[in-house]
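Look over the sequence and the model, then read on.

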Amino acid sequence: MRNFFKFTERNTSFKQETLAGLTTFLSIAYILVVNPLILSQAGMDSGAVFTATALTAIIGTLLIGLLANYPIAIAPSMGLNSFFTFSVCIGMGIKWQVALTGVFIAGIIFMLLSLMKIREKIINIIPLDLKHAIASGIGFFITFIGLKNGGIIISNPDTFVSIGNLTSPTTFLAIIGLVITIVMLVRGINGGIFYAMIITTIIGMIVGLIHVPSTIVGSIPSIKPTFGVVFSHFNEIFTPEIMAVIFTFLIVAFFDTAGALIALTSQAGMMKGNTIPNIGKGLLADSSAGAVGAILGTSTPATSVESSAGIAVGGRTGFTAVIIAACFTIALFFSPMLSVITLEVTAPALIIVGTFMVMEISKINWNKLEIAIPSFLTIIMMPLTSSVAIGLAFGFVLYPLCLVVQKRFKEIHPIMYVLCLLFILYFAFIV
């Protein structure tokens with residue numbers, strides 16, 4: 001096992017990888033509760049979606065761990081499940097069965113693009129400065145999510161966001177967790193993020209802010225209401241409306257995953273020069289999970305940015321992913337226990353992990369304006385729009401534009417021009 005996952009080469013150990021896997025799972029376990037809540041509003045059976053969510057995470061995470069040897073989790077995307085429910089099903093009035101078929105078609109197209117190495121080619125030609133900007137932008141985005149989940153920042157009609165009620169019991173619990181996490185990390189305690197989450201959970205249960213479950217083991221809900229429905233609705237997808245939906249799933253999922261993989265592999269120290277080892281296998285695992293997830297009954301899965309929590313603890317190989325998948329498997333039988341993993345518990349981990357990822361910002365060449373402008377807008381637009389894809393879009397449009405103005409045509413890969421045009425069309429017709 002040590003040789004298969006390259007423990008020695010990546011300077012890790014069984015204990016370190018296990019702790020990293022547990023940390024990532026605790027950071028992402030909320031998806032098992034939230035995804036069914038969101039998709040049930042589109043008319044889907046929440047119990048079936050719970051099981052489909054767990055199975056998709058198990059399959060996708062195992063694939064990326066065993067094929068690509070990445071310490072990364074794959075699970076249904078929070079952004080795409082909201083798009084699926086509120087924009088496609090509720091907003092456009094499309095039946096969830098037809099929308100799910102669109103997700104399946106997008107997954108198949110992803111698999112073909114991965115097998116043809118087109119996705120791998122695109123990621124490898126992204127300029128190095130933009131790669132660092134993507135990692136930094138996701139860092140700010142993750143921190144923003146953590147601050148929001150903890151109630152430390154809230155929406156405000158006048159200033160868009162403002163400071164939350166810090167005396168609120170749940171927000172105060174998040175702040176306590178943040179302080180504990182900082183103290184442990186500054187003191188150099190290995191696994192500080194994981195231990196802080198456990199301590200925060202215990203404190204929350206002691207003071208009554210986190211409900212102590214009355215039972216531990218629960219039955220696994222049937223997947224029958226959603227399993228395989230995609231195969232009986234192919235005749236309903238050939239409309240301009242559904243084709244636009246499939247294209248949107250493709251664009252957003254493609255670049256959300258690209259951005260997350262670049263950021264996470266960079267954080268884990270895997271990036272070699274301007275290339276990412278095994279990126280093709282990682283992309284194939286991600287796209288396969290998309291097709292499988294649709295068959296099981298959930299919206300598009302993606303590379304989880306919460307994986308950064310486990311990487312921060314020391315996850316460096318696919319064994320971390322194996323541990324995450326094992327935790328999702330156990331969660332199928334212990335669903336009542338998921339109620340103790342609240343947003344306030346996971347918020348401090350996301351806030352701190354963002355700090356680690358933002359360190360990439362120092363590697364950007366800020367002395368050159370043609371690099372600084374697209375890099376900065378790539379970074380800032382991710383948290384401000386809550387979209388990795390839109391941040392990437394700004395960078396991919398502005399980077400070639402800046403170099404063209406300087407008549408440095410030959411320094412731009414031809415694919416960058418194609419991406420620039422695609423994102424201009426994306427802004428014009430979809431966003």
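**The cavity**

- Val103, Ala106, Gly107, Phe110, Phe249, Ala253, Thr257, Asp286, Ser287, Gly290, Thr300 and Pro301 line the largest cavity. On a 1 Å grid over the protein atoms alone, a cavity is a set of points where a 1.4 Å probe fits but cannot get out, and lining residues have an atom within 4 Å of a point.
- This is a predicted model: local features need pLDDT of at least 70, side-chain atom pairs count only at pLDDT 80 or more, and totals for chains, interfaces and linings use all residues. Residues are numbered from 1 along each chain as its sequence is written, and side-chain values use heavy atoms, without hydrogens or water.
- The whole structure holds one cavity of 30 Å³ or more.
- The largest cavity has a volume of about 70 Å³, the space filled by probe spheres set on the grid points.
- Helix 6 (96–115), helix 11 (240–267) and helix 12 (279–296) each give at least two lining residues. Helices are DSSP runs (H or I, at least four residues), numbered from the N terminus.
- Helix 6 supplies the largest share, four residues.

**The helix pair**

- Helix 2 (residues 14–28) packs with helix 14 (residues 318–333) at an angle of about 50 degrees, their axes 8 Å apart. Axes are lines fitted to C-alpha atoms over the stretch in contact, and angles run from 0 to 180 degrees between N-to-C directions.
- The contact (heavy atoms within 4.5 Å) includes Phe14 and Glu17 of helix 2 and Phe319 and Thr320 of helix 14.

Definitions and conventions. On a 1 Å grid over the protein atoms alone, a cavity is a set of points where a 1.4 Å probe fits but cannot get out, and a pocket is an open set with protein on both sides within 12 Å along at least five of seven lines; lining residues have an atom within 4 Å of a point.
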